[in-house]
Number of protein chains: 2
Amino acid sequence: MKNFDSYFKSAFTVDNVIFGFDESDLKILLIKRQEDPYIDHWALPGYFVLPDEDLNTAARRVLKQLAGLDNVYLEQVKSFGAVDRHPFGRVITVAYYSLVKIDNFNPQPDNDVAKEVRWFSVSDVSNLNLAFDHEEMVDVCFETLKHQVRVRPIGFELLPPKFTLTELQHLYEAILETDLDKRNFRKKILSMNLLIDLDEMQAGVAHRPAKLYQFDYDKYQEFLEEGFSFEVKESKRKERQAVS
Amino acid sequence: MKNFDSYFKSAFTVDNVIFGFDESDLKILLIKRQEDPYIDHWALPGYFVLPDEDLNTAARRVLKQLAGLDNVYLEQVKSFGAVDRHPFGRVITVAYYSLVKIDNFNPQPDNDVAKEVRWFSVSDVSNLNLAFDHEEMVDVCFETLKHQVRVRPIGFELLPPKFTLTELQHLYEAILETDLDKRNFRKKILSMNLLIDLDEMQAGVAHRPAKLYQFDYDKYQEFLEEGFSFEVKESKRKERQAVS
DNA sequence: GCAAAAGTGTTCTCGGTACACCCATGC
DNA sequence: GCATGGGTGTACCGAGAACACTTTTGC
């Protein structure tokens with residue numbers, strides 16, 4: 001029998017691209033590393049997978065330890081394995097993206113990996129000179145999110161439990177990086193019957209208060225079971241802008 | 001500085017789900033293993049990633065060495081990392097799917113991993129008791145293919161350079177596991193302007209010979225650059241069948 | 001001439017898109 | 001009373017889906 005020992009000299013990590021939504025801005029949670037390599041660089045929350053831990057478990061543990069997050073939407077996206085991507089040796093990483101309700105939590109680093117945790121606008125990430133190949137990972141995950149949000153109602157994972165239709169629309173606009181037509185958006189969303197009208201109103205706003213809605217997870221489960229497709233199309237307004 | 005040595009004790013592999021299309025059957029290429037673990041089991045063509053090799057390179061090398069395949073469509077799908085998935089130690093694997101023109105090549109094992117190489121119908125795979133978690137990998141890759149084929153014209157990768165519209169339709173039906181309406185399918189495909197009419201006919205068939213077409217890769221490139229979406233919808237005939 | 005697959009057009013329906021004005025609140 | 005965003009309906013258009021008969025070949 002051959003000897004395979006020489007293959008058992010690599011490590012692997014998980015890295016999380018954590019999306020949040022705030023006002024009308026799509027954000028990503030980053031940590032400032034306090035250990036080598038890339039000490040003092042901004043980076044995705046990620047760490048080595050333990051020997052007795054499978055990949056998803058590792059991703060959830062890292063979310064908890066580095067960002068204090070629990071119980072969030074999490075999906076594997078892609079693995080990155082360039083030979084020289086890690087200075088300590090051969091390290092493959094598995095990228096995940098996750099969606100969190102941003103106002104829900106206050107990132108508190110209580111570990112010796114992250115010296116600081118902070119939300120950044122997606123559009124600012126390219127100026128930060130992220131550690132490793134993390135910028136590429138952000139790009140790939142953002143593209144994946146853009147695609148997924150058209151196919152499943154995962155947008156709700158980014159909003160508080162009660163939200164207005166305008167907030168939902170702003171979220172879609174931020175993710176898809178486009179403008180949506182208000183009336184068409186509402187018609188489409190409401191026609192899916194995935195929202196529960198809470199018969200409550202916004203309060204304390206300096207304009208006509210909006211109705212509050214809640215996502216109907218039970219109904220969504222029903223739809224899933226009978227196979228169903230969710231999609232949001234963009235308005236063509238931007239084309240007119242492009243011409244002018 | 002911490003010591004990370006304990007993390008550098010794992011290995012990783014790549015595994016390929018290789019799809020081919022033959023007559024009206026979607027097939028997968030499997031090897032019969034001639035080394036432990038799972039000796040004599042059918043398995044996906046896969047092997048350890050070498051220390052100085054990145055993931056895509058490894059996938060292509062394995063395709064070449066184990067299946068004699070070169071220059072094929074290849075895409076990363078997902079990584080699998082259950083703790084006990086490999087008896088020799090901690091091994092993560094990265095699953096790829098690839099698409100090949102089946103009549104183009106005759107699988108010849110010339111290596112000491114595969115004792116035999118053979119095409120199996122996708123529908124038969126679940127009876128083979130594949131090595132490792134390979135059956136799950138086949139399922140995931142098949143689902144991915146089903147989705148991708150609706151969004152990009154990758155179906156052509158599975159057909160010979162010259163093909164008839166009926167062959168193309170049978171391919172879509174095999175992948176999507178549904179029936180398609182002939183007239184609607186042709187209208188849709190031809191309206192995309194991605195096929196070149198070769199002004200040639202099938203020969204030697206015991207019925208009216210069909211026109212031969214060729215995929216227009218150049219035009220596809222143009223479309224890609226200006227952002228474009230390709231989709232094929234299924235017929236609703238099967239619903240009628242289900243009722244009867 | 002018969003079996004077997006190729007080829008071809010029209011109608012209907014539904015979802016997508018464009019588009020503009022009145023309403024309720026805080027200040 | 002004014003600024004701010006909330007909320008609403010209609011007409012048009014195009015893509016998708018349903019559907020049946022004639023044509024060409026090998027035998």
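A salt bridge is taken here as a side-chain nitrogen of Lys or Arg within 4 Å of a carboxyl oxygen of Asp or Glu. By this rule A:Lys146 forms a salt bridge with A:Glu177, with the closest N and O atoms 2.6 Å apart. The structure is a predicted model, in which local features need pLDDT of at least 70 and side-chain atom pairs count only at pLDDT 80 or more, while totals for chains, interfaces and linings use all residues. Residues are numbered from 1 along each chain as its sequence is written, chains are lettered from A and ligands numbered from 1 in the order in which they are written, and side-chain values use heavy atoms, with hydrogens and water left out.

Chain A is divided into domain 1 (13-148) and domain 2 (161-243), the bounds coming from an automatic or database domain assignment. To the contact (heavy atoms within 4.5 Å), domain 1 of chain A gives 7 residues and domain 2 of chain A gives 9 residues. Between them the two domains of chain A bury about 660 Å², 72% of it on carbon and sulfur atoms; buried area is the accessible area (1.4 Å probe) that two parts lose on being put together, summed over both.

Across this interface of domain 1 and domain 2 of chain A, the rule finds 1 salt bridge. The search also finds 1 residue pair in polar contact across the interface, both residues being at pLDDT 80 or more. A polar contact is a pair of N or O atoms within 3.5 Å; within protein, one must be able to donate a hydrogen and the other to accept it, and residues adjacent in sequence count only if both atoms are side-chain atoms. On the side of domain 1 of chain A that touches domain 2 of chain A, helix H2 (residues 134-148) of chain A gives the most, with 3 residues. Helices (H or I, at least four residues) and strands (E, at least two) are DSSP runs, numbered from the N terminus. A:Lys146 and A:Glu177 are also linked with A:Glu143 in a network of salt bridges.

Over all chains, a search of the whole structure finds 20 salt bridges. Side chains of opposite charge can pair when their charged atoms come close. A:Glu53 forms a salt bridge with A:Arg61, the closest N and O atoms being 2.4 Å apart, and both A:Glu53 and A:Arg61 are buried. In chain B, B:Arg61 and B:Glu53 form a salt bridge with a closest N and O separation of 2.4 Å, and both residues are buried. Buried means under 20% relative accessible area, exposed over 50%, and partly exposed in between (1.4 Å probe, protein chains only). A:Lys27 forms a salt bridge with A:Asp22, at 3.6 Å between the closest N and O atoms. A:Lys27 is buried, with a relative accessible area of 16%, whereas A:Asp22, at 27%, counts as partly exposed.

A:Asp133 is found in the loop between strand E7 (114-121) and H2 of chain A, and is buried at a relative accessible area of 15%. Its side chain is joined to that of A:Arg85 by a polar contact of 2.8 Å. Not counting residues up to four places away in sequence, A:Asp133 touches A:Phe80 and A:Arg85.

A:Ser10 lies in the segment before strand E1 (11-22) of chain A and is buried, with a relative accessible area of 8%. Leaving aside neighbours within four places in sequence, A:Ser10 is in contact with residues including A:Arg90, B:Tyr7 and B:Ser10.
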